[in-house]
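Hi,

Here is the structure I promised to pass on to you.

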Amino acid sequence: MDHNFLRVHSFESFGTLDGPGIRYVVFLQGCFLRCKYCQNRDTWDSKSGELVSIDSIVNKILNYKNYICPSGGVTISGGEPLIQAKALTNLFKKLKSYGINTAVDTSRYD
Ligand code: SF4
């Protein structure tokens, strides 16, 4: 797997429920846990979604930097983000280089 791409379910540019402040939320595709109460079942299939380059994701987020910084940031949700941990680390390193706060919404089941 190329760690310069993430398999994405969807983007939300103005999240207020997934961490402090206004968040840009990236929902990643794929989760193996199968919780009975899951509200995001369409994120379960780890082979669907869209492969998006990390550079493309960062560029999308930078368009909203003035809204999400300094009190908000970026939250990566899903699905289970940690099944793409290496690419996720690359994304977070780039976001940190722009001074953007990051958070990950995880069950730690990967
Ligand atoms: S960990 Fe989250 S995305 Fe995965 S099945 Fe459970 S509630 Fe759904």
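Below is what I found, going from the overall chain to the details.

Please keep in mind that this is a predicted model, in which local features need pLDDT of at least 70, side-chain atom pairs count only at pLDDT 80 or more, and totals for chains, interfaces and linings use all residues. Residues are numbered from 1 along each chain as its sequence is written.

The protein chain has three helices and five strands, in the order β-β-β-α-α-β-α-β from the N terminus. Here helices (H or I, at least four residues) and strands (E, at least two) are DSSP runs, numbered from the N terminus. The C-alpha trace spans about 35 × 30 × 20 Å along its principal axes. The radius of gyration of the protein chain is 13 Å, which agrees with the value near 13 Å for a compact globule of 110 residues; it is taken over C-alpha atoms, and the globule rule is 2.2 Å times the number of residues to the power 0.38.

Now to the helix packing. Helix H1 (residues 54-62) packs against helix H3 (residues 85-97) at an angle of about 40°, and their axes are 10 Å apart. Axes are lines fitted to C-alpha atoms, for helices over the stretch in contact, and angles run from 0 to 180 degrees between N-to-C directions. H1 is therefore oblique to H3, since angles under 35 degrees count as roughly parallel, over 145 as roughly antiparallel, 65 to 115 as roughly perpendicular and the rest as oblique. On the H1 side the contact involves Ile54, Ile57, Val58 and Ile61, and on the H3 side Ala87, Asn90, Leu91, Lys94 and Leu95 (C-beta atoms, placed from the backbone, within 7 Å).

The ligand has Cys31, Leu33, Arg34, Cys35, Cys38, Asn40, Thr43, Gly78, Gly79, Glu80 and Ser107 around it, counting a residue if its C-beta atom, placed from the backbone, lies within 6 Å.

Some backbone details are worth a look too. Most residues other than glycine have a negative phi, and most peptide bonds are trans. Arg34, in the loop between strand S2 (23-28) and strand S3 (50-53), is not a glycine but has a positive phi of about 60°. Gly78 and Gly79 are joined by a cis peptide bond with omega of about 10°, and Gly79 lies in the loop between S4 and H3. Another cis peptide bond links Cys69 to Pro70, with omega of about 5°.

Best wishes

Technical notes:
Contact = placed C-beta atoms within 7 Å.
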